[in-house]
Amino acid sequence: MDVSSFYSPGRQLTRFTHLEVANDAVEKSRSQKIDVVLLPPAAGCRGIESDEEDDDDILDKDWIPNEVSGEVEVHEEEEEDDVAEEDVAKESENEENRRWRKTERLPLQAHCMPQKVGEDHFGKEPYEIFNLFFGPEIIQHITEQTNLYAVRDKNASNFHVTEEEIRKFLGLLLISGYHSLPSENDYWSTSEDLVAPVFAKTMSRDRFRTIKRYLHLADNSNLAGSKMAKVLPLLEMIRSNCQKFGVFHELLSIDESMIPYHGHHSAKQFIRNKPIRFGYKMWMLCGVDGYPYNFSIYCGKEGDSKTRQLGSHVVMSMLQPVESPDHHVVFFDNFFTSHGLLTELTAKGFRACGTVRDNRTGKCPLPSKKEVEKKERGYFDYKSDGTVLCVKWNDNSSVTVASNYYGVNPIHKVERRVRKENKKAVEQPHLIHMYNKGMGGVDV
């Protein structure tokens with residue numbers, strides 16, 4: 001079977017012999033979704049010996065070798081996700097019939113405020129708060145699965161770990177997250193410049209390594225049909241605990257978060273021009289202060305994401321735990337925002353605001369980017385079709401923001417540096433002011 005049949009029709013596949021040539025192709029590509037796959041060598045070929053630490057060093061130094069044992073495949077996707085032709089035709093027809101006017105009239109009125117929760121937890125110790133989210137049921141699950149894996153799958157009949165040992169093991173992992181030493185052995189070192197007494201007092205090095213060898217989070221004989229099946233039970237329990245208090249923030253934001261990872265896994269992503277280029281991409285719904293309500297590791301297109309824009313699919317799936325849409329306002333960036341998404345959210349009662357690309361505004365007749373940037377700093381223009389309001393504002397460069405709830409007024413004043421002048425107060429539309437206020441919870 002042709003390998004290209006495994007990938008979607010809109011996905012371009014190119015194969016290279018040298019990794020350096022593949023890297024050049026990636027740098028020149030305009031696609032924002034690129035997967036680089038290192039194929040194993042053909043039978044009889046001798047592989048290149050390396051270890052995980054060397055791979056990390058290569059990536060940290062931003063250096064890539066020009067030789068690999070096998071071949072390199074580069075999979076590229078178009079910037080826009082595949083959408084059914086009839087859906088595109090229907091959207092085009094709606095755009096032609098849509099009437100844009102210079103008005104702030106929008107269908108959604110003032111929203112209610114969510115109820116405050118968690119006051120009975122004020123004053124609790126950090127460990128008590130930690131137990132609310134990483135509670136006894138999670139420790140019990142990890143203990144059971146670790147013992148099951150050791151005895152059944154690894155035939156280690158003498159191995160047995162208790163819940164108390166699992167707690168200590170996880171505690172040492174948390175400490176090693178902020179107390180970094182060159183190697184694992186150094187945490188049990190007695191050298192004056194390395195000594196960390198808490199490790200030796202808590203657990204011996206050999207016992208720590210034994211638990212780490214058998215640590216398991218899922219039953220291998222009953223794995224879910226997901227690339228993340230080995231960690232999915234833990235993720236679902238933590239997500240459930242994060243949602244047990246309800247959604248109690250007024251301002252919510254949806255964005256992607258990268259989990260660094262340099263190993264080999266089919267769900268690992270490579271994203272150019274990001275602080276973390278290699279790792280797992282996680283979609284997240286968070287409050288303005290960073291509290292997570294929903295999250296999901298991206299494992300490729302699935303479900304209705306194959307027939308609609310990926311951004312719209314992510315937003316609707318992340319908002320599923322929100323039971324009272326009229327209590328919140330949702331913010332997202334231009335990867336997600338489109339006129340169709342804001343219209344769909346309006347029908348469901350969700351108030352939303354986000355930056356938007358000019359080709360996703362539903363043909364809103366705003367001035368072009370070049371025209372706006374010729375104006376003075378703080379200039380803006382806006383149009384509304386009665387459901388969505390789009391504003392183009394000239395800041396350091398022109399930016400377009402769309403909302404089904406916020407309008408242009410009241411106008412805010414912000415300080416900006418202007419050429420040949422000192423700091424100057426320029427006008428800022430209200431929906432852009434609220435976007436800056438509400439967006440960024442995921443980054444926190």
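This is a predicted model: local features need pLDDT of at least 70, side-chain atom pairs count only at pLDDT 80 or more; totals for chains, interfaces and linings use all residues.
Let me begin with phenylalanine 380, which is found in strand β10, residues 380-384; helices (H or I, at least four residues) and strands (E, at least two) are DSSP runs, numbered from the N terminus. Residues are numbered from 1 along each chain as its sequence is written, and side-chain values use heavy atoms, with hydrogens and water left out.

Is phenylalanine 380 buried or exposed? Phenylalanine 380 counts as buried, because its relative accessibility is 17%, and buried means under 20% relative accessible area, exposed over 50%, and partly exposed in between, with a 1.4 Å probe and protein chains only. Leaving out residues up to four places away in sequence, phenylalanine 380 touches Val391, Lys392, Trp393, Val408, Ile411, Glu427 and Pro429, where contact means heavy atoms within 4.5 Å. The C-alpha atom of phenylalanine 380 is separated by 6.2 Å from that of asparagine 394, although these residues are 14 apart along the chain.

Tyrosine 382 is found in strand β10 too, and it is buried, with a relative accessible area of 15%. Not counting residues up to four places away in sequence, tyrosine 382 touches Lys102, Thr103, Glu104, Leu366, Leu389, Cys390, Val391 and Val408. Between tyrosine 382 and valine 401 there are 9.5 Å in space, C-alpha to C-alpha, and 19 residues in sequence.

Histidine 430 lies in helix α13, residues 430-438, and it is buried, with a relative accessible area of 15%. Proline 410 sits in the loop between β12 (398-403) and β13 (412-417).

Now let me step back to the protein as a whole. How many helices and strands are there in the protein? There are 13 helices and 14 strands, and of the 444 residues 42% count as buried. If we take the contacts with a separation of 6 or more, residues 24 or more positions apart account for 66% of them.

The largest nonpolar core has 32 residues, and those with the most contacts inside it are Ile254, Leu319, Phe332 and Leu345; a nonpolar core is a set of buried Ala, Val, Leu, Ile, Met, Phe, Trp, Tyr and Cys residues joined through side-chain atoms within 4.5 Å. Two or more residues each come from β4 (251-260), β6 (278-287), α10 (310-318), β8 (329-332) and α11 (339-347), and α10 gives the most, with 5 residues. A second, separate core of 27 residues includes Ala150, Ala156, Val161 and Leu172. Helix α10 itself is mostly covered, with 8 of its 9 residues buried, among them His313 and Met316.

My last topic is helix packing. Two packed helices are described by the angle between their axes and the distance between the axes; here the axes are lines fitted to C-alpha atoms, for helices over the stretch in contact, and angles run from 0 to 180 degrees between N-to-C directions. Helix α6 (residues 163-178) and helix α8 (residues 205-214) pack at an angle of about 95°, with their axes 11 Å apart. That makes α6 roughly perpendicular to α8, a word used for 65 to 115 degrees, whereas angles under 35 count as roughly parallel, over 145 as roughly antiparallel and the rest as oblique. The contact is made by Glu165, Ile166, Phe169, Leu172 and Leu173 of α6 and by Arg207, Phe208, Ile211 and Lys212 of α8.

Helix α5 (residues 136-153) also packs with α6: their axes come within 9 Å and cross at roughly 105°, which makes α5 roughly perpendicular to α6. In the loop between α5 and α6 lies asparagine 155, which has a positive phi of about 55° although it is not a glycine. Asparagine 155 is exposed, with a relative accessible area of 65%.
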